[in-house]
Amino acid sequence: MEPFREIRVRVPASSANLGPGFDALGLALGLHLRCTLRPSSQGLRIVPQGAASEGIPADASNLIWRIFSKLAGPEVGQNFELVIENDIPLGRGLGSSAAAVLAGLAMAIELKGGGGEGQTRQNLIERATEIEGHPDNAAAAVMGGFVASCQTESGSVLALPCAAPRTFEALLVIPQFQLSTESARAALPGQYSRKDAVFNVQRVALLLAALQNGRIELLGEAMRDRIHQPYRAPLVPGFEEILKLRNIPGLLATALSGAGPSVLAFCQPLAGDSAQDAPAAAIQDCFRKNNVESSAVRLPIDHDGIVIERNS
Ligand code: HSE
């Protein structure tokens, strides 16, 4: 292990699926997990900070630490300070676990000398996919922007950026309750009809073409889904009403963000002087009618993906 002063990693939040692209499409968002690893002479010290630090363990059970120490190996020991500054709400479908896994992996890879940048990124996507079970959050968080990903039968992951216009914004409406990906996946059926499979294939194709051609008026149809959202809707009170919202000024499309419970909406940009966010108000209203409090935020798209820095 080469001596180092600190290793810093920044990983964006991500919204997976984008409606029909279950386990295949993801988008990186401008909300981050930042980790700093420093050698220490006083054993392991984990310091959770940031807007979403509540619930992050400050001991060796911490997910980032567990992933890091497993990959780094016992020879690196426990003499580290790990500062975790997290702004990604946990358990809300915003890729917090993928970000944690990637941060742990990235610090371990960097500690061991890193690799070429492209090789490190591919390595990160594949290792995180193996841990997460699906590539969509990890690929978007590593690469930034809109990303299509595919697991091959031999276990590798093919991930490519998708062209997208910058003429619309991502609105996230985040309920105040958590939903585990595990239970949201357990709600899905084992088999689908050909009709539903074709429904989704057509919409994923339309979604990618609409993004590439800047046809944002088609996003509403292109982001409809029959593979996961109908089965998860009972777990997210208000979501069925949200999917039925029509004619809300500025609202282009809605989808469950990842496994939920957050809602991703694509919207026309707010007028500079506008204090009123009509899509946010309409979505929050659906939640409120179902006794679910939520917060709403327009987030920029993160185009950088993971950033890893070593300071000696
Ligand atoms: N594609 C995954 C799912 C994303 O929907 O279960 C989980 O964040």
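This is a predicted model: local features need pLDDT of at least 70, side-chain atom pairs count only at pLDDT 80 or more; totals for chains, interfaces and linings use all residues.

Guide: Happy to! A helix here is a DSSP run of type H or I with at least four residues, and helices are numbered from the N terminus. With that in hand, let's start at Asn 200, which sits in helix H6, residues 194-212. Its relative accessible area is 4%, so Asn 200 counts as buried. Beyond residues up to four places away in sequence, Asn 200 touches Pro 20, Asp 225, Arg 226 and Ile 227.

Now for the nonpolar interior. In soluble globular proteins, nonpolar side chains tend to be buried together. Here the largest nonpolar core holds 68 residues, and Leu 219 and Phe 266 are among those with the most contacts inside it. Helix H2 (residues 96-111) supplies the largest share, eleven residues. Both domain 1 (6-162 + 302-311) and domain 2 (169-299) contribute at least three residues each. Setting aside neighbours within four places in sequence, Phe 266 contacts residues including Leu 18, Phe 146, Leu 219 and Leu 252. A separate core of 22 residues includes Leu 245, Ile 248, Cys 267 and Ala 280.

Next comes an open sheet of four strands, ordered S8-S9-S7-S10 with antiparallel pairing. Strands S8 (251-256) and S10 (294-299) are at the edges with a single partner strand each, so one side of each has no neighbour in the sheet. From one strand to the next, the twist averages 20 degrees. S8 and S9 (residues 263-267) run antiparallel, joined by five bridges, and Thr 254 faces Ala 265 in S9. Helix H10 (residues 278-289) packs on this sheet and touches S7 (169-175), S8, S9 and S10, with its direction at about 20 degrees to that of S7.

Note on methods: Residues are numbered from 1 along each chain as its sequence is written. Side-chain values use heavy atoms; hydrogens and water are left out. A nonpolar core is a set of buried Ala, Val, Leu, Ile, Met, Phe, Trp, Tyr and Cys residues joined through side-chain atoms within 4.5 Å. Buried means under 20% relative accessible area, exposed over 50%, partly exposed in between (1.4 Å probe, protein chains only). Helices (H or I, at least four residues) and strands (E, at least two) are DSSP runs, numbered from the N terminus. Domain bounds come from an automatic or database domain assignment. Contact means heavy atoms within 4.5 Å. Two strands pair if DSSP finds at least two bridges between them. Axes are lines fitted to C-alpha atoms, for helices over the stretch in contact, and angles run from 0 to 180 degrees between N-to-C directions.
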